[in-house]
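The following note sets out several points for a colleague who is examining this model. The points move from the overall content to individual elements and residues.

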Amino acid sequence: ADRAARIASGLAQLGVGQGDCVCILMRNDIAFIEAAYGAMRLGAYGVPVNWHFKPEEIDYILKDSGTKVLIGHADLLHQLAGLIPAGVTVLSVPTPPEILSAYRIDAHLLAAPESAIALESWLAQQSPYDGPQVPQPQNMIYTSGTTGPSKGVCCPQAQMFWWGIYSARALGIREGDVLFTTLPLFHTNALNAFYQAMLNGCTYVLEPKFSASGYWAAARRHQATVGYLLGAMASMLLAQPKREEESTHGLR
């Protein structure tokens, strides 16, 4: 919460305000979550960008969202040379190593503690949503674009909140669980798992990427109790040679 508040202050100094968009072009990285929450603290949208998209597709999202600030890993930003719209502030974050570490966003955006955007002042600016005052903007998530240009879907805070509550309830998640994901943060599944962790007293474990050969070893190393897979990933795991880790992990 403290880091989100300080990042919000840094974004405010760059002209970001309520209803604006902050695009995030990163691989799985703690800095991704911090940037998204910094934007939310301002009442702005954190916009995850699929880094698998072609440069022209990313350029479309930047223009369609009218983004004020683009935060991205240096190597991904390099591919956009000459395509970033005029007036967009670009903040480069070092590309993450295989083992993730937090706090590399500091030199680029983190404001001093005394300039943090206070939660109380932020809540007071929000408009009513079904009665009680709750924060409205949260994420704008772009569709995969299989039938045409990607469409930005506005996800309010209440949606993400109840999503984390009800999906955890459906999955039987309980306090103290370790939620383990290798899915990308630009995908709703990995974002939802983060909400499940926050709202249910769990630990959230984020791996840089999926590895069929290393999945079970990673699950055991993290003492994970819950894992998240898409259909193709399950098939890839089933096709692997049998390993000891398959029967000694703690996933239920």
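1. A residue is called exposed when its relative accessible area is over 50%, buried when that value is under 20%, and partly exposed in between. The model is a predicted one. By this criterion Gln223, at 64% relative accessibility, counts as exposed because its value lies over the 50% cut-off. Gln223 belongs to the loop between α9 (215–221) and β9. The phi angle of Gln223 is near 55°, a positive value in a residue other than glycine. Most residues other than glycine have a negative phi.

2. Overall content. The protein has 11 helices and 9 strands. Of its 252 residues, 47% are buried. Among contacts with a separation of 6 or more, 69% are between residues 24 or more positions apart.

3. The parallel sheet. Three strands form an open sheet in the order β8-β7-β9, and the pairing is parallel. The edge positions are taken by β8 (203–206) and β9 (226–227); each has a single partner strand, so one side of each lacks a neighbour in the sheet. Strand β7 (residues 178–181) runs parallel to β8 and is joined to β8 by 4 bridges. Within this pair, Phe180 is opposite Val205 of β8. Helix α8 (residues 188–200) lies across both β7 and β8, and runs at about 155° to β8.

4. Packing of α7 against α8. Which helix meets α8 with an axis that comes within 8 Å? Helix α7 (residues 157–171) does, and the two axes cross at roughly 85°. The helices α7 and α8 are therefore roughly perpendicular to each other. On the α7 side, the contact is made by Met160, Phe161, Trp163, Gly164, Ile165, Ser167, Ala168 and Leu171. On the α8 side, the contributors are Thr188, Asn192, Tyr195, Gln196, Leu199 and Asn200. Taken by class, the residues of this contact comprise 8 nonpolar, 6 polar and no charged.

5. Packing of α1 against α2. Helix α1 (residues 2–13) packs on helix α2 (residues 30–41) at an angle of about 70°, and their axes are 7 Å apart. These two helices, α1 and α2, are therefore also described as roughly perpendicular to each other. Their crossing is right-handed. From α1, the residues Arg3, Ala4, Ala5, Ile7, Ala8 and Leu11 meet Glu34, Ala35, Tyr37, Gly38, Ala39 and Arg41 of α2. The residues in the contact of α1 with α2 divide into 8 nonpolar, 1 polar and 3 charged.

6. The antiparallel pair. Strand β5 (residues 139–142) runs antiparallel to strand β6 (residues 152–155), with 4 bridges between them. Opposite Ile141 stands Val153 of β6. How are the residues of β5 directed, and are they buried or exposed? Asn139 and Ile141 point one way from the strand, Met140 and Tyr142 point the other way, and all are buried. Strands of a sheet pair through backbone hydrogen bonds, either parallel or antiparallel.

7. Glu57 is part of helix α3 (residues 55–65). Glu57 and Ser150 are 93 residues apart along the chain, and their C-alpha atoms are separated by 8.3 Å.

Note on methods
Residues numbered from 1 in each chain as written. Predicted model: local features only at pLDDT ≥ 70, side-chain atom pairs only at ≥ 80, totals over all residues. Heavy atoms only, no water. Pairing = 2+ DSSP bridges. Contact = heavy atoms within 4.5 Å. Axes fitted to C-alpha atoms, helices over the stretch in contact; angles between N-to-C directions. Buried < 20%, exposed > 50% of the residue type's maximum accessible area, 1.4 Å probe, protein only. Parallel < 35°, antiparallel > 145°, perpendicular 65-115°, else oblique. Left-handed = near helix turned anticlockwise from the far one by under 90°. Nonpolar A, V, L, I, M, F, W, Y, C, P; charged D, E, K, R; others polar.
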